[in-house]
Amino acid sequence: MTPSWPVELREGPVRLRPLRRGDAATWRRVRAANAAWLRPWEATSPEGSGPAPTFAQMVRGFSREARAGRMLPFVVELDGNLVGQITVSGITWGSLRSAHIGYWIDQRVAGRGTIPVALALVGDHCFRVLRLHRIEVNIRPENAASLRVAEKLGMRDEGLRKAFLHIDGSWRDHRTFALTTEEVPEGLLTRYRASRTTRG
């Protein structure tokens, strides 16, 4: 199955949409302002970094992968401002029907519930539109903010993966959190909303 692309998703002030070439200046500014904050959590290559793609090349690559059904790369907007990205990657069809999700957020708006809403939106899209069976996020044990995201969404802790991803120059352990579609029959966003009401 090849999903249609582009896709836009929205809940209140949170909007997810494809990255565009016109986002270049804003994207670079947000990334530069958050470079030190994001560095401990971002993937690196064990062979070392080669020449970085241009912004236009990155956008074209994302779009190509999305049209092929292998990735869903979204910009995260809050109140109309670009504040991060969330990407569904490693989409596998056939008998597995699974994907993993990664994200980053501008430190200035972190802790406002933007990423839990974004993750719930893409989770529901994966389950209800793409008909995937399973989604997962992989989080460094030291990343307290991301661990809270998984907790808020009621994701199941599947344990520690030793030296799972190359992050910030070394192979790092990660905890895997997952959900299957059977675990959220009401929808992930609906469950998250209900949990916030309960916590009140």
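This is a predicted model: local features need pLDDT of at least 70, side-chain atom pairs count only at pLDDT 80 or more; totals for chains, interfaces and linings use all residues.
Arg108, by contrast, counts as exposed, at 59% relative accessibility.

## Arg134 and two glutamates

Arg134 takes part in a salt bridge with Glu136, where the closest N and O atoms are 2.5 Å apart. Both of these residues are buried. Arg134 also meets Glu158 in a salt bridge, at 2.3 Å from N to O. This second pair links distant parts of the chain: Arg134 sits in strand β6 (residues 134–139) and Glu158 in strand β7 (residues 156–167), 24 residues apart.

How do the two compare in accessibility? Glu158 is partly exposed at 37%, while Arg134 is buried at 17%. The structure holds 17 salt bridges.

## The whole chain

Stepping back, you will find six helices and eight strands in the protein chain. Their order from the N terminus is β-β-α-α-α-β-β-β-α-β-α-β-β-α.

The radius of gyration is 16 Å, which agrees with the value near 16 Å for a compact globule of 200 residues. Of those 200 residues, 48% count as buried. Among contacts between residues at least 6 apart in sequence, 63% join residues at least 24 apart.

## Surface and charge

The chain exposes about 10300 Å², and carbon and sulfur atoms supply 51% of that area. There are 31 positive and 20 negative side chains, and the centres of the two sets lie 5 Å apart.

Terms used: Residues are numbered from 1 along each chain as its sequence is written. Side-chain values use heavy atoms; hydrogens and water are left out. Helices (H or I, at least four residues) and strands (E, at least two) are DSSP runs, numbered from the N terminus. The radius of gyration is taken over C-alpha atoms; the globule rule is 2.2 Å times the number of residues to the power 0.38. Buried means under 20% relative accessible area, exposed over 50%, partly exposed in between (1.4 Å probe, protein chains only). Contact means heavy atoms within 4.5 Å. Accessible areas come from the Shrake-Rupley method with a 1.4 Å probe; for residues, only the protein chains shown count as cover. Lys and Arg count as positive and Asp and Glu as negative; His and the chain ends are not counted. The place of a charge is taken as NZ of Lys, CZ of Arg, CG of Asp or CD of Glu. A salt bridge is a side-chain nitrogen of Lys or Arg within 4 Å of a carboxyl oxygen of Asp or Glu.
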